[in-house]
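Here are my notes for your review. Please read them with the model open.

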Amino acid sequence: MRKEVRKITEGAAMIALISVFLLIDRQFAGQLNVYFAWIIPLPIIIYTARHGFKAGWLPYVGVVIIALMLSTLPSLIFAAMYGLVGLFYGLGVNKRFDNRTQFLFTSLFTTIIYFLSMVLFASFFGYDMGD
């Protein structure tokens, strides 16, 4: 019983940390997300490394819901994408994967995130990638 309460409390604290970052990011017109995007996955990495991949989904979903309510559209997209990176990196730490493998997969996921965000924002603002 005590372990479950601790797990829930840590999950709520991780969600609160990311929520505060998203609120501050909104006050700075989204500029913190550009320079400090590496902060978003850190709480999810810590939680997933401690409690496992299945338990890590709950704070991730909580962060996405809070980002939907409190942040701008670009911050919501970045929070969702970087949260996934945090989940998978936390899985690697929990399962004790090789550091080189974790680095390669994190680099690959981050590259995909940058590409998807570029295409998504370009289409959102009416820029044609084919021209």
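1. Pocket lining. The largest pocket is lined by A37, W38, P41, L42, I45, Y82, V85, Y89, T106, T110 and Y114. Two or more lining residues come from each of α3 (41–51), α5 (73–94) and α6 (99–124). Helices here are DSSP runs (H or I, at least four residues), strands are E runs of at least two, and both are numbered from the N terminus. A pocket is found on a 1 Å grid over the protein atoms alone, as an open set of points with protein on both sides within 12 Å along at least five of seven lines; a cavity is a set where a 1.4 Å probe fits but cannot get out. Lining residues have an atom within 4 Å of a point.

2. Basis. This is a predicted model, in which local features need pLDDT of at least 70 and side-chain atom pairs count only at pLDDT 80 or more, while totals for chains, interfaces and linings use all residues. Residues are numbered from 1 along each chain as its sequence is written, and side-chain values use heavy atoms, with hydrogens and water left out.

3. The largest pocket holds about 170 Å³ of space. That volume is the space filled by probe spheres set on the points, with grid points joined across faces, edges and corners. The lining has 9 nonpolar residues, 2 polar and no charged. Nonpolar covers Ala, Val, Leu, Ile, Met, Phe, Trp, Tyr, Cys and Pro; charged covers Asp, Glu, Lys and Arg; the others, Gly among them, are polar.

4. Salt-bridge network. The count is 3 salt bridges, each a side-chain nitrogen of Lys or Arg within 4 Å of a carboxyl oxygen of Asp or Glu. R6, E10 and R50 are linked in a network. R6 pairs with E10, with closest N and O atoms 3.2 Å apart. Both lie in helix α1, 4 residues apart, about one turn of the helix. E10 also meets R50 at 3.3 Å, N to O. E10 lies in α1 and R50 in α3, so this pair ties together parts 40 residues apart in sequence.

5. Which of its residues is buried? E10 is, at 11% relative accessibility. R6 is exposed at 56%, and R50 is exposed at 53%. The classes are buried under 20% relative accessible area, exposed over 50%, and partly exposed in between (1.4 Å probe, protein chains only).

6. Another α1 pair. K7 and E4 form a salt bridge at 3.8 Å, N to O. They sit 3 residues apart in helix α1 (residues 2–27), about one turn. E4 is partly exposed, at 43%.

7. Nonpolar surface patch. F105, L108, I112, F115, L116, M118 and V119 make a patch of about 650 Å². Patch residues have over 30% relative accessible area and no salt bridge; nonpolar side chains (Val, Leu, Ile, Met, Phe, Trp, Tyr) are joined within 5 Å, like charges within 9 Å. Areas come from the Shrake-Rupley method with a 1.4 Å probe; for residues, only the protein chains shown count as cover. M118 lies in helix α6 and is partly exposed at 43%.

8. Loop residues. R96 has phi near 60°, a positive value in a residue other than glycine. R96 lies in the loop between α5 and α6 and is exposed, at 75%. I40 is in the loop between α2 (31–35) and α3, and is buried at 1%.
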